[in-house]
Amino acid sequence: MKFVKFLVPTLLAVVLVFVLNTELKLGEIKVPPLGSLLSPFTGFWQNAEPKQINWDKDVKLDGLTGKVTVQYDSRRVPHIFAENEADLYYMQGYITAKDRLWQMEFITHVAAGRASELVGEVALKFDRTQRRKGLAYAADKAVSYINESPTSKLVMESYAAGVNAYIGSLTDASLPVEYKLINYKPELWTPFKTALLLKFMSDGLSGMDKDFEYTNALNLFGKEMVDLLYPDRSSGIDPIIPLGTAYNFPVEGIDTPLYEIPKGIFHSSIFDGPERENLGSNNWAVSGTRTNTGFPMLASDPHLGLNLPSIWYEIQLTAPGVNTYGATLPGSPCVIIGFNEDVAWGVTNAGMDVRDWYKIELVGEHKYRYEGEERSITYRYDTIRIKGGADYIDTIRFTHHGPVVYDERFPQKGNATPLALRWTALEPSNELMTFYTLNRAKGHADYLEALNYYFCPGQNFVFASHTGDIAIRQQGKFPKKWPEQGRYIMDGSSSKYEWQGYIPFEQNPYVLNPPRGFVSSTNQHPTDSTYPYYYAGYYEYDRSRRINELLGVDRKYTVDDMKQFQTDNYSYAAKDLLPFLLENLDTTNLEASHQEIYAMLKDWDYVYTANSKPATAFEMMFDTLMILVWDELQPYDEKALARPNAYVTIQFLKAQPNHDWVDHKSTEGKEDAAQLLNIAFKLGAENYLDWKANYGKEPEWWRYKNTTIAHWVPSLKAFSRQMVEIGGNRHILNATDGTHGASWRMVVSLEDNVKAWGVYPGGPSGNPGSHSYEPFIDAWAKGEYYELVFLKEPQQTEQIIFTQTFTK
Amino acid sequence: MRFLIITLAIALVSIVVQFFLPWWSLAFVAFIIGYLSNLTGWAAFGAGLLGAGGVWFAYAMWLNIGNESLLANKIGPMFFIPEPLLLVVVSAGIAGLVGALAAAGGRNLRGLLAK
């Protein structure tokens, strides 16, 4: 009996400790060890930060050589003052990691194809894709290239050392909460990881092409339809470089061969993402001749996936020779979009197609055919570690074109054709030097020098200086191509299909101080058709027309104008389509409820305010219309096919209302555009009324749109913010749809003592348990800005709420 | 009185130990103090429950108040616990249960050896 009395509680205690200290699997859900997670000593309670900052005022860090002061302003933005550059980037690494370590590491794990280590076999296909695309391979090459420059080597290594100093200070208790929930530990940071992060950005911004889709369309529908559905240029383009600008250089060294397109149908299921029509950005600069201050103003707002913790981290970096402020990417040193006392700069995505596919003719296991010869294949064996499973070893072939992404080991659906990827992102580059140089730029010459370091992803760099210059250049390594080269999959066995070299940087689209008094870019075509080189890409039509209309008025602009334009909700798509829809609508037999919607739309000003109801109704009709028009592109679910963009669709319906493709095939008769618009109106109106009935709320635009700022791990919904009350949409300057939007809004006035304003949908802290995790979201949604605190030296003002000193 | 002293002893020693060792070190603390105590089995159980659980309750509560329940409101629902206070209680319950069983086990080991 006594033995039992001892045994039972003791055994129960042992079992309980064991269970609570083990990661459990309940169906699909993995539960971290509950004892550690719920312990107030080491668990998530430790991440429940008090509202007031209570950090140490003096900190010793071995890696420093001098004294560094870090001041936090009332929004908790750190202002770093160092005595030398090594210390500056060391502290940038340390401070950034302190707020954002988990996200930095998570993103680089994703980029490297290491998600399976965290979540298990569900991510294997994703990881294999990442590795086969070659991001880690490219980051590897980039590090060697970066190390050739002593400056960038020092910057990268100091930053990594700073991140590692922070990692070294972590205990079980102070680990970011995501590590506790997913149950793993951070590893050391390296320059390789910084390179990976930059490759991750390249992937997001240049990692798209429609080569498979276009090849399929060509093989299925013929050239005429391809040109109609996916034109390289539509009419009505308002390019970045003003219309009529002369390009005074000859094009040399491009031979257009007679070429053939590989037959066959291709599938690209793993690259099928959502249409990236929501990716983009705005930037512009207005000359001092047209501002109320007499000095240039610059605005930049990159539209990216909206995430928490935010992709951006605000910082001021000061050391002898540099004093700059702006948005940084956690994981990378330097300011990416920002300003200093003399200049300001911003970026939008170029969208130029820098990714092409080559069909590879394998000869046995180890060779492939090229120009009648057999060339050797390089192999790379990648070991993918899988949580809760055995390692997976993938064999990846490399040709001189690039990695063979698809082959028999990684086939497309029903098609094992080996396809190699040529992509500028895979080439060695040192984009960091661009930002390093811009951070220190004094004027226009420095800006041009900085850009020459920049290869990929192609960006439109807008620039303005205190001395009065404004400029914009589309910068990147852009391949020279013969007309239509790379639109379709190419024959990898012939040198005819090789890229023809790269466009010299001084011939990239560029304009300085144009007569119209402003420069702007919103992801549209960089030039008109007189630009001597052929190019194609992913271009926007509506935002460019809007911003150029707003900036093209002969008057003096103010900072408030810049803010208003960034948050402008006017839709050119609605302006183009809605009158056409309404004039074709048969209103004689409309039901009363539809009549009301008709009246609402008729009075609408095409402005997508958060509480607009016509915006919701119009969107529902537009979505329906796109499905009705492009039904021909729906049934091919085994093939990759692309839907034409909204701009092309509207032009097509107006120009060719009786075209065979306008007809909706599943119905008896043959519809023309007018009939289709009537159906779209009815179905859209039904949808609108259903939504209202289902949710019991007015279908205000923001409710229907449901803008969500999602945590990087989407299943961690509690760390996300849903239903943000904000207007705008893709193809609108305030380009906020459900998942993407202005990830950082910045306006800089380059007057004496530069002034700047900014906001982003997040907060400085990456800790969901901090009150600084998402404090800016509401201001961002309302279109409000914070004036940025730009300090010349460490000083105690009412804007500074906390000061830390770091010494060796 | 003795009960109170034992409870406090478990609480204080487990606090010190948990600043250096994993959470389950509290089981050893409760077991040893339970062994050294001359409480009844059930009293040792109670002392472990209140001593180890009380520490977790108080510490979690303190952190939660300083945080204005911000994080508890996000973590709780992941485990179907909508109330921050309930999450504090559940957390404390873990330490309490382990502490109680270990203390009772320790006490009863003494009973076993003392025959």
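Visitor: How many bridges pair strand 29 of chain A with strand 30 of chain A, and in which sense?
Guide: This is a predicted model. In it, strand 29 of chain A and strand 30 (residues 755-759) of chain A pair over five bridges, in the antiparallel sense. A:Ser749 stands opposite A:Lys755 in strand 30 of chain A.

Visitor: What sits between the two strands of that hairpin?
Guide: Five residues lie between strand 29 and strand 30 of chain A, and A:Asn753 takes a positive phi near 55° in this hairpin.

Visitor: And which strand is joined to strand 29 of chain A by four bridges?
Guide: Strand 7 (residues 297-305) of chain A, which runs antiparallel to strand 29 of chain A. There, A:Ala299 has A:Val747 as its bridge partner.

Visitor: Is strand 29 of chain A buried or exposed?
Guide: Buried. Five of the five residues of strand 29 (residues 745-749) of chain A are buried, so this strand is largely enclosed by the rest of the structure. Both of its faces are covered, with A:Arg745, A:Val747 and A:Ser749 on one side and A:Met746 and A:Val748 on the other.

Visitor: Different sheet now. What is the strand order in the open sheet of three strands in chain A?
Guide: The order is 8-26-27, and the pairing is mixed. Strand 8 (307-308) and strand 27 (721-724) of chain A are the edge strands, each pairing on one side only.

Visitor: How do strands 26 and 27 of chain A pair?
Guide: Strand 26 (residues 707-711) of chain A pairs with strand 27 of chain A in the antiparallel sense, over two bridges. A:Ile709 stands opposite A:Arg721 of strand 27.

Visitor: On to helices. At what angle do helix 12 and helix 13 of chain A pack?
Guide: Helix 12 (residues 432-439) and helix 13 (residues 444-451) of chain A pack at about 170°, and their axes are 8 Å apart. An angle over 145 degrees counts as roughly antiparallel, so that is what helix 12 of chain A is to helix 13 of chain A.

Visitor: Which residues meet there?
Guide: From helix 12 of chain A, A:Thr434, A:Thr437 and A:Leu438. They meet A:Asp446, A:Tyr447, A:Glu449, A:Ala450 and A:Leu451 in helix 13 of chain A. The residues of this contact divide into four nonpolar, two polar and two charged.

Visitor: How many residues of chain A are in contact with chain B?
Guide: 32 residues of chain A, in contact with 36 residues of chain B. Helix 1 (2-20) and helix 2 (34-38) of chain A each supply at least two residues to the chain A side, and helix 1 of chain A gives the largest share, 11 residues. That side divides into 19 nonpolar, nine polar and four charged residues.

Visitor: Last one. Where in chain A does pLDDT stay under 50?
Guide: Over residues 269-274 of chain A, for which the model has three contacts beyond four places in sequence. Where pLDDT is low, the predicted coordinates should not be read in detail. Chain A averages a pLDDT of 92, and 98% of the residues score at least 70.

Methods: Residues are numbered from 1 along each chain as its sequence is written. Chains are lettered from A and ligands numbered from 1 in the order in which they are written. This is a predicted model: local features need pLDDT of at least 70, side-chain atom pairs count only at pLDDT 80 or more; totals for chains, interfaces and linings use all residues. Two strands pair if DSSP finds at least two bridges between them. Axes are lines fitted to C-alpha atoms, for helices over the stretch in contact, and angles run from 0 to 180 degrees between N-to-C directions. Angles under 35 degrees count as roughly parallel, over 145 as roughly antiparallel, 65 to 115 as roughly perpendicular and the rest as oblique. Two residues are in contact if their C-beta atoms, placed from the backbone, lie within 7 Å. Ala, Val, Leu, Ile, Met, Phe, Trp, Tyr, Cys and Pro count as nonpolar, Asp, Glu, Lys and Arg as charged, and the others, Gly among them, as polar. A residue is buried if 20 or more other C-beta atoms lie within 10 Å of its own, exposed if 12 or fewer, and partly exposed in between; C-beta atoms are placed from the backbone. pLDDT is the predictor's confidence in each residue, from 0 to 100.
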